[in-house]
Amino acid sequence: MLTETLPTEKVYKQTNNVDETNLKWFSTFKQAERAVEEFEITTLTKFNVYQKKSYDISKSGIRWDKDLIPYVIVKSVWLECQHAKDQNKKKNEKRKPCIPKQLLDHPNPAKKQMCIQGSKKCNCKAKILMQETLRFPQFQVTARSRYARNKSAVLIHKALKDEASRESMLKECACSISFPSSGDHSGHVIGEAAGFLQMVDKRIIAKIDEMVKEGICNIGEIMRGLKLFVMHELFKNDNIPSNTNRRFFPTRKDVESHFYRAFSKRKLAKMDQTNVQCLVDEWVKSGDPEDNIFFRPYIPNVVNTTNLDLTDEKTPPVIASEQTMLFVHQLHWQRKLLLRYGQDICLLDATYKTSKYALPLFFVCVKTNMNYQVVASFITQNERQIDIEEALSILKKWTPGWKPTFFMTDKCDAEIHAIETVFSDCHVLICDFHREQAWERWVKKSENGVRDSKDEVVLRHSNTANHPEIQRFVG
Ligand SMILES: [Zn+2]
């Protein structure tokens, strides 16, 4: 009667080399994923998903665990060692360098990037197999006989095929993992030395993104932040991985390249540029014809995309680009106010350090007969002198006859030098707030030798600056 054969599925063939006694069981897929991660950390290995498959359980073959409870496989996920054969080799070779449209007529834009580190791929065969399963404890058999198991399997298939009985069946989810042994790896180092070959963990990359969003540009500070994050958040209640494990303790170069990616992504989202262009077109079409709006989008430098100079941590980083972004905005009435009230003193106010925006935003203000008014604004891609200088030159061209005697700015060399270059006879003054802030910072530095009496020094400076006789010196 029970001569019908068990359904033989592909799944049997694909997994018949897995030793069922070596399987480790978990009650959820999430727990299994966590176990894979722990395995990677303790063995200093890294596995990547290379195949996933889901099965129609009404057709799947029935398997038996060590307690003779039947189960079927719902989903299989294969992970391979990061040093496995390169599956995408052909695709990668075929892939053409991505050149922005604007640069197609540019001479030789796609210079090949130099690859210092060789490929990680070396045909290692080590694999992890994760399987999500469904168990049927109702159909547990007591005898190991083939007859009992076949009989139970037929009943299970029958129940699975009928929707009503399938719903009412007692089902338990579980997930099995078969881990490779260290002997399964080949072609690369394993153990402590392998830590250096690890890729940076995606949570570390996310943390770098977060810190860039908070405005942290100092690589040393980011690295300290990452260390604290790994020790006090990621592995709060666990053993902290070895500090040779690059996955959690990336090198300075790793951090720099992820910082660069996050930094440029945040500053120069392509979609934003398209939106700005649409808005500018609309403003130009519907606004006063005497309004002035200038917008030039950013074009990335395809030749040198990762060359970010971070050696001087005091100056903000500059993104390598073929063309920098610039936005300058001045309405007709603003120009009239600038001409009338901006001949004596103008103010240049940079807000980027205090605002939520990643790009430097500048306001040119004048004191009118009523109050202070913004008479022009501009956004630059970088905070260098040449970027500010370019925007000021455009404003100067738009406002013939504008010759300010004084300009008040923050204590920022780029701003000061830009103004002095564009308006050669103009005197730059630093506003009281920034002057006092600069003093505060200066006296706190130990190398300046006045830290012990810093309050006294600041007070004396302040008294001198605010003395009515000071006008004699300035005048
Ligand atoms: Zn391997």
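Start with the largest nonpolar core, which has 22 residues; a nonpolar core here is a set of buried Ala, Val, Leu, Ile, Met, Phe, Trp, Tyr and Cys residues joined through C-beta atoms within 7 Å. A residue counts as buried if 20 or more other C-beta atoms lie within 10 Å of its own, as exposed if 12 or fewer do, and as partly exposed in between, with C-beta atoms placed from the backbone. Select Cys346, Leu348, Val364 and Ala391, the residues with the most contacts inside this core. At least two residues of the core come from each of β10 (326-330), β11 (345-350), β12 (361-367), β13 (372-380), α11 and α12, where helices (H or I, at least four residues) and strands (E, at least two) are DSSP runs numbered from the N terminus. In soluble globular proteins, nonpolar side chains tend to be buried together.

This is a predicted model, in which local features need pLDDT of at least 70 and side-chain atom pairs count only at pLDDT 80 or more, while totals for chains, interfaces and linings use all residues. Residues are numbered from 1 along each chain as its sequence is written.

Stay on Cys346: setting aside neighbours within four places in sequence, Cys346 is in contact with Val364, Cys365, Val366, Pro404 and Phe407, contact meaning that the C-beta atoms, placed from the backbone, lie within 7 Å.

Next, select helix α11 (residues 385-398) and helix α12 (residues 413-422), which pack at an angle of about 40° with their axes 8 Å apart. Axes are lines fitted to C-alpha atoms, for helices over the stretch in contact, and angles run from 0 to 180 degrees between N-to-C directions. The two helices α11 and α12 are therefore oblique to each other, since angles under 35 degrees count as roughly parallel, over 145 as roughly antiparallel, 65 to 115 as roughly perpendicular and the rest as oblique. On the α11 side, colour Gln385, Ile388, Glu389, Leu392, Ser393 and Lys396, which meet residues of α12 including Ala414, His417 and Val422.

Which residues make the contact between α6 and α7? Select helix α6 (residues 202-213) and helix α7 (residues 219-234), whose axes come within 10 Å and cross at roughly 130°, which makes α6 oblique to α7. The contact joins Arg203, Ile204, Lys207, Ile208 and Met211 of α6 to Ile222, Gly225, Leu226, Phe229 and Leu234 of α7.

Finish at Leu359, in the loop between β11 and β12. Is Leu359 buried or partly exposed? With 17 other C-beta atoms within 10 Å, Leu359 is partly exposed.

Methods:
Contact = placed C-beta atoms within 7 Å.
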